[in-house]
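Keep the picture open while you read.

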Amino acid sequence: MAALLEEWADQMGVSDAERDRWLRAAWLHDALRETRLAANTTHGAAAADRAANDGETDRGVLDAVRYHSCGYARWDDVGKMLYLADALEPGRKPHRKERARLAERVPHDRDRVLRKIVAYEIRQRTRGGRPIDPLTTEFWNSLRRGST
Ligand SMILES: [Fe+2]
């Protein structure tokens, strides 16, 4: 996940400070996932709480970690990049080639890739008869509004 974010940061030419935010979010997310202290649905919240306790004060970084599995309409770039990295990291098995292609598009076509992934998530959930988190719906709507 961090490797993917580093690659994107290089290709997108973001500042060192912004790159550092992306990597901090990835690190904070992974730190908790690996300890498996929390169930999947809440590990973002647990990781964000712990990061805040440990002194992380960047709201964008904390919100990125907190909402990475459902999406969040008020995210800045770090939230969107962490969400993309989580969805597109090469370690995941299903649709490996499709995800690699999408990952390559991120640096020059980020928002469209983002919409594609959120649409896919929503489709999968409705097909499976599962509920959609209102935060995900809000995130989707915010992406649609921003589109041309
Ligand atoms: Fe996660």
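This is a predicted model: local features need pLDDT of at least 70, side-chain atom pairs count only at pLDDT 80 or more; totals for chains, interfaces and linings use all residues.

Student: Which protein atoms are the donors of the iron ion?

Tutor: Donors are N, O and S atoms within 2.8 Å of the metal (3.2 Å for Na, K and Ca), and water is not among the atoms, so sites may look incomplete. Here the protein donors lie 2.1 to 2.3 Å from the iron ion. Along the chain they follow the spacing H-x13-H-x24-H. They are the NE2 atoms of His-29, His-43 and His-68.

Student: Where in the chain do His-43 and His-68 sit?

Tutor: Helices here are DSSP runs (H or I, at least four residues), numbered from the N terminus. The pair links distant parts of the chain, 25 residues apart. His-43 is in helix α3 (residues 43–53), and His-68 is in the loop between α4 (59–66) and α5 (77–88).

Student: Is His-68 buried or exposed?

Tutor: Buried means under 20% relative accessible area, exposed over 50%, and partly exposed in between (1.4 Å probe, protein chains only). For His-68 the value is 2%, so the answer is buried.

Student: How do α3 and α4 lie relative to each other?

Tutor: Two packed helices are described by the angle between their axes and the distance between the axes. Axes are lines fitted to C-alpha atoms, for helices over the stretch in contact, and angles run from 0 to 180 degrees between N-to-C directions. For α3 and α4 the angle is about 150° and the axes are 7 Å apart. Angles under 35 degrees count as roughly parallel, over 145 as roughly antiparallel, 65 to 115 as roughly perpendicular and the rest as oblique, so α3 and α4 are roughly antiparallel.

Student: Which residues does Ala-48 touch?

Tutor: Ala-48 lies in helix α3 and is buried, with a relative accessible area of 0%. Contact means heavy atoms within 4.5 Å. Leaving out residues up to four places away in sequence, Ala-48 touches Leu-62, Val-65 and Arg-66.

Student: Ala-52 is in helix α3 too. What is its relative accessible area?

Tutor: Ala-52 is among the α3 residues that meet α4. Even so, Ala-52 counts as partly exposed. Its relative accessible area is 37%.

Student: How far apart are the C-alpha atoms of Leu-82 and Leu-5?

Tutor: Leu-82 is found in helix α5. Not counting residues up to four places away in sequence, its contacts include Leu-5, His-29 and His-68. Leu-82 and Leu-5 are 77 residues apart along the chain, and their C-alpha atoms are separated by 7.7 Å.

Student: Where is the kink in α6 centred?

Tutor: The expected span of a helix is 1.5 Å times one less than its number of residues. A straight helix of 32 residues would span 46 Å, but α6 (residues 96–127) spans only 21 Å between its end C-alpha atoms. The bend at a residue is the angle between axes fitted to the seven residues ending there and the seven starting there. In α6 there is a kink of about 130°, centred on Asp-109.

Student: What is the phi of His-95 near?

Tutor: His-95 lies in the loop between α5 and α6. Its phi is positive, in a residue other than glycine. The value is near 55°.

Notes
Residues are numbered from 1 along each chain as its sequence is written. Side-chain values use heavy atoms; hydrogens and water are left out. Helices (H or I, at least four residues) and strands (E, at least two) are DSSP runs, numbered from the N terminus.
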